[in-house]
Amino acid sequence: MITEFSKKMIIKSAQKAKYRFQKTPEASLKENYGIYIHVPFCIKKCSFCPFYKEIFRKERKNYYLEALLHEIRQKDISGKPSWIYFGGGTPNVLSIEELQKIINTLQEKVKLTEIGIEVLPELINTDYISDLKSIGFTRISFGIQSLHENILKNNNRIYSNPDKIYELVEAAKKNDFWVNIDVIVGLPGQSGETFLEDIKQILKFQPSQIATYPYLFFKNVTAVSDMSDKRQFELMEEAGKLLKDYHRKCIWIFSKEDKISDLARDELIYDYVGFGPGACSTYGKWKIVNPELDIYLNNYRNNVNYSLVALKNNKSNDWRQFARMINDLKCYTDKKNYPAYLNLFIGILKLSGYSKNNVLTKKGLLFAHKITKSLVESLPSPIRNTSFIENYAEYKNAL
Ligand SMILES: C[S@@+](CC[C@H](N)C(=O)[O-])C[C@H]1O[C@@H](n2cnc3c(N)ncnc32)[C@H](O)[C@@H]1O
Ligand code: SF4
């Protein structure tokens, strides 16, 4: 009942957001912020993936790059950002020279910091990895999802042989990269056994971190999972027992060191500015989503800057703070930062056995899993679901 109540509150507060297609509010970001670069191209579209992307075409990519560099030059960013992250889509469809151009353009404005990139393993070799290092990347995330060829094939995803992945991970470690591996639990066609076999294999790769994401369902994907939330959670617990040198730092993340990297969590904490079509930003009192590629290119062509803009709302901020706390496996009242209703709710959680000594109990962990899943699945994306756009006719006209 408590879980259902929390889910309802979180979904209700998140879905209040309404976006307007309008001129992008100015940002002046100098400290304590992140930079996200969205590369919206993939060679093939996986049937489970909700992220904004289109099939790679060279001409579109070239025009995108021109527009992206222009967008970076226009923004008032300076100082040293806390992080820079290249996500997608598939950032490694770009050549080293193209990635270097983006980094050089960022460097015209900001001091470089930790730079992360997510990669689809099959498209790269070990030289690409050392070249990434030489142009400034320090963190790499390999998208594995599953090591079973038939499961990936059924989900329209490009497969990589485990030997190849091992070779790439070794190269990344030799080049001093901090290495993450993403797997999904609950993919259509995946069983508990195949997931745990993957974990045992990945353990041999010894990455710095393993992210075990539950299969998240969004309206714009076709794949449907037949695994319950509870079963996903049990399998993560089983994985945790196998991952002996790793510690569970966040609800879905097992890490060897104290340092963790989780963009979804960072998004709950930091202001950040996103570049590229479909990229999200949050700064000042705004939440902003860049338009899809055609409108993004029109912006560039016509030297204007229109995006989808919403006002942050206090209640959804409260619940985001709460979600961040339980994502970090903690649960405590905080009179200074939380409103009374939230502190009361956290008190009830404690009395009901969800937390002890400010830390989530096993019952609390299952709760955190379900709540975090609901939060991520309900985040209003005006690109995925245009009903969140107040003046959709204007947006459509711009296409
Ligand atoms: C943009 S992809 C990573 C880069 C590259 N395109 C790839 O697929 O390897 C980011 C991550 O999102 C996760 N992901 C994608 N769709 C998901 C879903 N429906 N549920 C949970 N995680 C998902 C995957 O673990 C994936 O590695
Ligand atoms: S999971 Fe990665 S490769 Fe697959 S469609 Fe999504 S972004 Fe592209």
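K363 is found in helix α13 of this predicted model. With a relative accessibility of 44%, K363 counts as partly exposed. Residues up to four places away in sequence aside, K363 touches S352, G353 and Y354. The C-alpha atoms of K363 and G353 are 7.2 Å apart, although 10 residues separate the two in sequence. A polar atom of the K363 side chain lies 2.7 Å from the backbone oxygen of S352.

**Helix α1 and T3**

Y354, a contact of K363, is also a contact of T3. T3 lies in helix α1, which covers residues 2–14. Leaving aside neighbours within four places in sequence, T3 is in contact with Y354, F367, K370 and I371. Is T3 buried or exposed? T3 counts as buried because its relative accessibility is 12%, and the cut-off for buried is under 20%.

The domain assignment of the protein gives two domains. Domain 1 is made of residues 1–17 together with 313–399, and domain 2 of residues 19–268. Their C-alpha centres lie 24 Å apart.

How much area do domain 1 and domain 2 bury between them? The figure is about 2,700 Å², with 62% of it on carbon and sulfur atoms. In domain 1, the residues that lose the most area to domain 2 are H369, K373 and R384, which together account for 23% of what that side buries. In terms of contacts, 30 residues of domain 1 meet 26 residues of domain 2.

Across the interface of domain 1 and domain 2 there are 10 residue pairs in polar contact, with both residues at pLDDT 80 or more. Which elements give two or more residues to the side of domain 1 that touches domain 2? They are α11 (314–327), α13 (362–378) and α14 (392–398). The largest share of that side comes from α13, with 11 residues. By residue type, the side of domain 1 that touches domain 2 divides into 15 nonpolar, 4 polar and 11 charged residues.

Between domain 1 and domain 2 the count is 3 salt bridges. K373 and D229 meet through their side chains in a salt bridge, at 2.5 Å from N to O. K373 is also one of the residues of domain 1 that lose the most area to domain 2.

**Salt bridges**

Side chains of opposite charge can pair when their charged atoms come close. For the model, the count comes to 14 salt bridges. The table gives some of them.

| Pair | N to O distance |
|---|---|
| K373 and D229 | 2.5 Å |
| R60 and D294 | 2.9 Å |
| R139 and E114 | 3.3 Å |
| K312 and D271 | 3.6 Å |

The R60 and D294 salt bridge links distant parts of the chain: R60 is in helix α2 (residues 58–74), D294 is in helix α10 (residues 293–301), and the two are 234 residues apart. R60 is buried, at a relative accessible area of 16%, whereas D294 counts as partly exposed at 39% relative accessibility. R60 and D294 also belong to a network of salt bridges that includes E54.

R139 and E114 form another salt bridge. R139 lies in strand β9 (residues 139–145) and E114 in the loop between α3 (96–107) and β8 (115–119), so the pair ties together parts that are 25 residues apart in sequence. R139 is buried, with a relative accessible area of 16%, and E114 is partly exposed, with 29%.

The salt bridge between K312 and D271 also links distant parts of the chain, 41 residues apart. K312 sits in the loop between β17 (306–311) and α11, while D271 is in strand β14 (residues 271–275). K312 counts as partly exposed at 26% relative accessibility, and D271 counts as partly exposed at 27%.

**Helix α10**

After α10 comes N303, whose phi is positive, near 50°.

Technical notes: Residues numbered from 1 in each chain as written. Chains lettered and ligands numbered in written order. Predicted model: local features only at pLDDT ≥ 70, side-chain atom pairs only at ≥ 80, totals over all residues. Heavy atoms only, no water. Domains from an automatic or database assignment. Contact = heavy atoms within 4.5 Å. Buried area = accessible area lost by both parts, 1.4 Å probe. Salt bridge = Lys/Arg side-chain N within 4 Å of Asp/Glu carboxyl O. Polar contact = N/O pair within 3.5 Å; in protein donor to acceptor, adjacent residues only side chain to side chain. Helix = DSSP H or I, 4+ residues; strand = E, 2+ residues; numbered from the N terminus. Nonpolar A, V, L, I, M, F, W, Y, C, P; charged D, E, K, R; others polar. Buried < 20%, exposed > 50% of the residue type's maximum accessible area, 1.4 Å probe, protein only.
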